[in-house]
Amino acid sequence: MSATISLQRCNDCARPQYPMRELCGHCLSPNISMTNVDAHGTLLSWTRLHASMEPYFHDQLPCLVGEVRLVGDVMIMAHLDLAPGNPPPQSGMSVRLSLRPALDDQPAYFATPEQGA
Ligand SMILES: [Zn+2]
């Protein structure tokens with residue numbers, strides 16, 4: 001079974017969008033609902049975070065964050081979840097997004113490299 005995440009999708013033009021909005025960012029329709037989309041995407045760029053104003057991150061620094069493109073050209077910023085000793089991430093690599101508890105137990109997106117990517 002393919003991994004999915006839940007995003008808004010416009011019922012008039014069928015485009016997914018993120019972050020959530022009251023109107024479609026493409027056609028301004030208010031006719032929006034939630035739908036499951038493929039959680040597999042492409043890492044476009046990434047950086048190593050060395051400082052944060054949030055105390056939650058102090059024990060995790062440095063950490064990797066990146067921008068992931070999903071189907072429909074939806075862009076999502078995500079923490080990069082690399083196993084210790086893995087080579088650094090590369091732009092264009094395939095990743096799978098998932099939601100996990102992070103800051104104050106609020107869910108955040110994590111991107112894990114696909115096998116063989
Ligand atoms: Zn629309």
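**Tyrosine 18 and beyond**

Tutor: Tyrosine 18 is partly exposed, because 17 other C-beta atoms lie within 10 Å. The cut-offs: a residue is buried with 20 or more other C-beta atoms within 10 Å of its own, exposed with 12 or fewer, and partly exposed in between, with C-beta atoms placed from the backbone.

Student: What kind of model is this, and how are residues numbered?
Tutor: This is a predicted model, where local features need pLDDT of at least 70, side-chain atom pairs count only at pLDDT 80 or more, and totals for chains, interfaces and linings use all residues. Residues are numbered from 1 along each chain as its sequence is written.

Student: Where is tyrosine 18 found?
Tutor: In the loop between β2 (16-17) and β3 (32-38). Strands (E, at least two residues) and helices (H or I, at least four) are DSSP runs, numbered from the N terminus.

Student: Which residues does tyrosine 18 touch?
Tutor: Leu7, Val74 and Ile76, leaving out residues up to four places away in sequence. Contact means that C-beta atoms, placed from the backbone, lie within 7 Å.

Student: And how are tyrosine 18 and aspartate 73 separated?
Tutor: They are 55 residues apart along the chain, and their C-alpha atoms are separated by 9.9 Å.

Student: New topic. What is the pattern of the chain?
Tutor: Along the sequence, β-β-β-β-α-β-β-β-β. That comes to 1 helix and 8 strands. The C-alpha atoms fill a box of roughly 45 × 35 × 25 Å along the principal axes.

Student: How many residues count as buried?
Tutor: 15% of the 117 residues.

Student: Which residues make up the largest nonpolar core?
Tutor: It has 12 residues: Ile5, Leu7, Ala39, Leu43, Trp46, Val68, Leu70, Ala78, Leu80, Val95, Leu97 and Ala111. Two or more residues each come from β1 (4-10), β4 (40-49), β6 (75-80) and β7 (94-101). A nonpolar core is a set of buried Ala, Val, Leu, Ile, Met, Phe, Trp, Tyr and Cys residues joined through C-beta atoms within 7 Å.

Student: Take valine 95. Buried or exposed, and why?
Tutor: Valine 95 counts as buried because it has 25 C-beta neighbours inside 10 Å. Valine 95 is in strand β7. Beyond four places in sequence, valine 95 touches Gly41, Leu43, Val68, Ala111, Thr112, Pro113 and Glu114.

Student: What is alanine 39 in contact with?
Tutor: Ala3, Thr4, Ile5, Arg96, Leu97 and Ser98, setting aside neighbours within four places in sequence.

Methods:
Contact = placed C-beta atoms within 7 Å.
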